[in-house]
Every structure is written in C-alpha cells, then in structure tokens.
Amino acid sequence: MRSSDSAKKLRRSVPAYLLLAPTLILFFAMGIYPIIWALKYCLYNYDGTTVPIYVGLNNFRKIFDFHSFATYWTSWGRTLMYALIKTAIEIPLAFISALLVSGKVRGRTFFKTLFYMPQILPSFAIFMVFGIMLNPFNGIITGYLSKMGVITPGYNLLSHTSTAFLIGVLSDTWIFFGLNMLFFIAGLTNIPKDVYESASVDGATDMQRLFYITIPMMARMSQVIIMLSLVGCLKAMGSYFILTKGGPGHSTELTFMYIYNLFFPSGTTAQYGLGAAVAVVSAVIVGFITAIYQLVTERMQYD
Amino acid sequence: MRKYIKLIQNAGIYLFLITLSIIVLFPIAFSIMGSLKPVSELLTDSGFWPHKVVWSNYTRAFKEANFLGYIGNSVLYASVGTVISMFNVCVLGFCIANQEFIGKKALRLSILATMFVALGPMTLYPKLEIMRNLGLTGTRLSIILGTITTAGAEVFIFEAYFKSQGRAIDEAASLDGCSLFQRFFYIGIPLAKPMIGTFSIIFFNRIWNDFFWPYVMTFTNTRIQPLVVAVIALKDSTGEAATEWGLLLAGASLAILPVVVVYVFTSRWVISGVTEGAVKM
C-alpha cells in the first residue's frame, strides 16, 4: 500500500521535474555547486595548475593563527567599522528623506524617484566618475575642498587611509540611501492615519507628532532596516574596488575584497584552497550575525 | 509669529531636498559634461561646464574603442539574460506554489541556503571552472549563463503571487486534461503578467550593471566585454593617465544615460517592486 502510494507520488512528480529541468540544472551548477566546491576545497592545497593535495584542517589552522593571518582579521575590523559608519550616516539621511517626501511637500514623487535613482545606476561606472572628480590634480571636488580650505591644494584624498575610507563610505551611501528611504516610506505609510488626526484635534504641533507618534511607531521597523543595512555591509566590497583597489597598502580592503584578491590576485599565484577556507569562515561569521538578526526581529514580531 | 515659523520650516525642508537632489544629480551631470570637453580642457581646467562642446570623445569611443560592440554585448546579455531569469523564477514560483512533487521542501530549502550562505566573490571561481570544463571560456554564452538569476528571493515573491491567485483555475484545467506544460504556459504566465513586467525591468537593469562575473570572464577575450566592464578595463589599462579621461567619461555616460532614460519611464513599477519586497521583509 505504502509503496504504491509513493510510486503514485513519484509518477505525479515527473511532469514538474520535466518542466523544471533546465532551471534546476542551471540552479545546481551556478547556485549549489559553488557551495559544495567550497566545502571540498577548503580541505585542500590547490593553486589551479598542480594537482590538489588533501591537507585536512591545515587551511583553518593557518587562518586561526591570528598573528600570521592578521591581514584577514584586520579586514574584518575595517568591515565592521565601515558598516557602523555607513549605517550611522545613511539611516538618518534615509529617515529624514522618507519623512519629508511622504509629507505634503510639493514635488514629493519627483524627489522620491530621484533619490532612489543611484541604486539602479551601474555603480562601477559611477565610482570611476567619482575617482575622476576626486583626482588630486584638477578634480572638481578636490578643487572645491581646497578652495574652502579643508585640504591643501594637490592633496590626494584617495591615497590617505582616513580620507579614502570616508570617501568609500560616502560613495556607497550615495548609492544606497534611496533604498533605505523606500523601506522607511513603506513603514510610514503603515502608520494608521487616525492616530495623527486625533493628535491634531488635541492640538499637537508637527514636532510633537514627530517625536510622540512617528518615531515611536517606527521604532521596530527602524531596527529591522538598521540591521539589514549592517548585515548588507558585511558582504560589501564597497567602492574601494574601483577607487583605491584596497590601498594604500591593505588599509581600505574590506573582507570580501580580501577574498576576491585570494582568487584573482594581481601578480602572485592564486590560493584557491586557502581562499575557499577563508570564504567558509567568512560565510559562517556573516551567517552567525544574520542568524542573530533573524532571532531578534522574530522576537520583535511576537512582542 | 506662527506663520514665520512655518515659513522657515518650509524653507528648511526645500533646502534639504534640493541640496540632496543636487548631490544625487551632480556625478551624473559631471560625467556628461566631462565627456563633452576636449581632452586639453579636461587636463587643465576643473570647471563644471565645458568651455567648448566637442563630440570627439564619442567619435573616438565608437571608432577606436569599439564601444558600439560593447553596447551590443550589454544589450544581448541583458535581453537574453532577462528572458532566462524570468523563466527561472516564474517556473520555480509556479511549481512551488501550486504543484505537488517529491523534494519540494528540499528545493525550497536549497534556494534559501544559496540566499543566506554568503561566500561572496569566491563563487566566481567554481563557476569559472565549470565554464572552462565545458570549453565555454571566452564565449558570450558563458557570460549569460553566469550572470542570470537561477533562483533567489524573487522565487518567493512569485510563489506568494501565484498562491494569492488561488489554485481553482489550475485544478479545473488539470481536470480538463491540460498538461502541466500547458497550464504553465497558457495559464500561469498570463496570470503573472504584471509581475513579469516589473521584474523584467529589474532583471534587465541588474544584468546591465553586473560587473564581477563578466569582468573575470573576459580577461582573455576583451571583445565580449559588456559596456561597464569595458570602461573599467580601459581605466585599468590606462592607469592614472588623464589623457583618456574623455574616453572614460564618454563610456561612463553611455552606460549611465540609457538607465536614467528607462528609469524615467518605468520608475513607478521599479519603486512598487522594491516596496512590495520591503513589505515582505
């Protein structure tokens, strides 16, 4: 009885698998296979040309030797710094924009549409334009900044760690703030209108409504948006790939760019086995932080 | 008094919005203005407006730098890639929502797994190895196969959409003897038309902008580069030489402007697509 049941189920599954076949083959090759590849080759020494040699957990031992593998671990420090600074600039900017364009401002659709636009532009072309605008010889931004006395003329903003780092953060904020603005707008439109109406009847001013209704009502949604932004930053290469190539030295190299450089190095030999191990460790770190975020947001929904 | 406060408040609001608008538009405008300047002016002057408008950067881009070919590549990858991506997420969403088959849960889980396992740029290499083993390195097909969306968050948006349309039509058609293929192509796809419209724009845009996969796949054969990659490769090969800035800015403008133009006409759908995703977040 059971076996005929499952045979029936199997027969009924055939058309679905025929319909899905091309998609499943592509999904397996492009989506699943890289994960299996990583789990296998993180245990090997492999440079792409010679035969891979099984080395057990050696790659991981190398990675967790914090002193000799400091470049990787400091890249995490930088990535966290990048995430915190970018979120601290981007979220207030996105929130204020959302607040203003969902109010009674004239041209609000225009502003909303415009602020989201950077998100859909080819970011690498834009970063290259930023690079030209920031060049030390006659860059238009360098020109303005030196006229205002912020920097000395001829100062190369991209070859000094702190300014280069900040420029990367600001470039990515330019790209992403519109997306977070849309998330905030989605949250703002969910606040019931009658709350505002009854507050108005009671004579509340705009500022009072903002601080006593909007912000408290948006608190949970904001937490989700902030954590989504932080987690997204962990996976970023930022604009540094184009603007600084991670330099000077490794000082603007975020973790995912460090991984990229293990696989596609300029000059040195690639280390695919070690690279796979580094990618696995990084994926576990990102996964751990994402899991915490999922737990916290789920808790928030049931509160 | 109250009137004045209101006035100042409004002035502040518009000042903020207009300043932010200028910041958003400035790099785009700078790229276009710069691409219209003669090289001599790009090298010496740091003004915004060109003193003299020339088209030489664009004629060079098309005559010497083969940009027409790169634009053709971009259009090819984005249009073919959009059709394949659309089919993939649509068929997965349809089957997961309405059909019963063995391994459905496992399939759903593995899609989620690929979304949450963040191996980042590492995945480029095994994909590249597959292409090498298939002998596809240096072909346009390899770029399309790696740049498409096979499964992702969109599958679940389509699943939810198909679920919201109910199973009644599908079951009735099934009783009338329609095969699954017929039901998908004649009922499922027409049903999902509004979604397909929105997501086609999003997929096309995503592939047009895609960088890393076409970048690493075209180290050996630069003729098949899409436009954005060609511009960055040109920047890499000229190093910091400012003499090529005109060409670079012309290339960047050619990559950016079509996106802006399409966005002007489709922003309503793009924004509603994003907001729909946000509500499910």
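Tutor: Axes here are lines fitted to C-alpha atoms, for helices over the stretch in contact, and angles run from 0 to 180 degrees between N-to-C directions. This is a predicted model, where local features need pLDDT of at least 70, side-chain atom pairs count only at pLDDT 80 or more, and totals for chains, interfaces and linings use all residues. Residues are numbered from 1 along each chain as its sequence is written, while chains are lettered from A and ligands numbered from 1 in the order in which they are written.

Student: What angle do helix H4 of chain A and H1(B) make?

Tutor: Their axes lie 10 Å apart, at an angle of about 35°. Helices are DSSP runs (H or I, at least four residues), numbered from the N terminus.

Student: Which residues of H4(A) make the contact with H1(B)?

Tutor: A:Phe111, A:Leu114 and A:Phe115 do, meeting B:Leu17, B:Leu20, B:Ser21 and B:Val24. Residues are in contact if their C-beta atoms, placed from the backbone, lie within 7 Å.

Student: Why is H7(B) called largely enclosed?

Tutor: Six of its eight residues (140-147) are buried, so the rest of the structure largely encloses H7(B). Buried means that 20 or more other C-beta atoms, placed from the backbone, lie within 10 Å of the residue's own. Among the buried residues of H7(B) are B:Ile143 and B:Leu145.

Student: Where is the kink in helix H9 of chain A centred?

Tutor: On A:Ala219, with a kink of about 55°. The bend is the angle between axes fitted to the seven residues ending there and the seven starting there.

Definitions and conventions
A residue is buried if 20 or more other C-beta atoms lie within 10 Å of its own, exposed if 12 or fewer, and partly exposed in between; C-beta atoms are placed from the backbone. Helices (H or I, at least four residues) and strands (E, at least two) are DSSP runs, numbered from the N terminus. Two residues are in contact if their C-beta atoms, placed from the backbone, lie within 7 Å.
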